Amino acid sequence: MCRHLAYLGPPVTLASLVLEPAHSLYEQSWAPHDMRGGGTVNADGFGLAWYGDGGPVRYRRDVPIWTDQNLVDLAGSIRSGAVLAAVRNGTVGMPYGEAAVAPFKSGNWLFSHNGRIPGWPESTLKLAERLPVSHLLQLDAPVDSAFLWTLIAHRLREDVDAPDAVADVLQEVESTAPGSRLNVLLTDGHQIVGTTWTHSLWVRHTGDSTTVASEPFGDGGWDEVPEYSLLVATATTLRITSMKGPQ
């Protein structure tokens, strides 16, 4: 599986979120604590995305995060109040490459998926039939995470609220591909929508910031999000509700 994080709050450097803390996302790329049988390292690429005056900006690579010699200077020089980042552990049999690395992007939305859809693509053909052909032809990469994002982005284009779009799509995917792992993070720079679906997720909520991550890092103050939960947060608000899990 992968490791990811999202942050909303006062502007901070990317390095303070991704590189510098104890057990940072950088460290989780080679020494994760809670992969739950989904691999041992996250060395198949990484992505950082942040919001500036012109909207979201991404920096993605298809190499292990520790091999990028530009990252320290880059991450230390960029500040943002809205960040999404991920390190990838590619599913066996699926292609590699920069286009397969989260965060995925559509308009002002950024998306990351920690998990897998078993039997993809055959297991999701019924869901694919509901999408416009143009959406399928424009998949970032032929991987299950990009397809999951296309399903959710299609709902967002239909003006479905982000939490409902995520929850509805996860239920549909589980019904057609039982045993899916569907931890996701979605943000538009103002809110974070996250899910726990057979994988770990933690939240640290202060008076003026919210950080959501696969594993705790840095100082304390973290709370584990219960299994099969939907998290909706801004920098100053947090709501966690139960979802209907697999039957």
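Helices and strands here are DSSP runs, of at least four residues for helices and at least two for strands, numbered from the N terminus. The model is predicted. Just after helix 6, aspartate 159 takes a positive phi of about 65°.

Helix 6 covers residues 144–157 and lies across strand 5, strand 6 and strand 7. Its direction is at about 135° to that of strand 6. The 14 residues of helix 6 should span 20 Å at 1.5 Å a residue, and the end C-alpha atoms are 20 Å apart, which agrees. Of these 14 residues, 13 are buried, so helix 6 is largely enclosed by the rest of the structure.

Helix 7 (residues 162–176) also packs on the sheet, where strand 6, strand 7, strand 8 and strand 12 are touched.

| Helix | Residues | Angle to a strand |
|---|---|---|
| Helix 6 | residues 144–157 | about 135° to strand 6 |
| Helix 7 | residues 162–176 | about 160° with strand 7 |

The sheet itself is open and has six strands in the order 5-6-7-8-12-13, with antiparallel pairing. Strand 5 (104–106) and strand 13 (238–242) are at the edges; each has a single partner strand, so one side of each is left without a neighbour in the sheet. From one strand to the next, the twist averages 20°.

Within this sheet, strand 8 (residues 192–196) and strand 12 (residues 229–233) run antiparallel and are joined by five bridges. Valine 193 has valine 232 of strand 12 as its bridge partner.

Note on methods. Residues numbered from 1 in each chain as written. Predicted model: local features only at pLDDT ≥ 70, side-chain atom pairs only at ≥ 80, totals over all residues. Heavy atoms only, no water. Pairing = 2+ DSSP bridges. Axes fitted to C-alpha atoms, helices over the stretch in contact; angles between N-to-C directions. Contact = heavy atoms within 4.5 Å. Expected span 1.5 Å × (residues − 1). Buried < 20%, exposed > 50% of the residue type's maximum accessible area, 1.4 Å probe, protein only.
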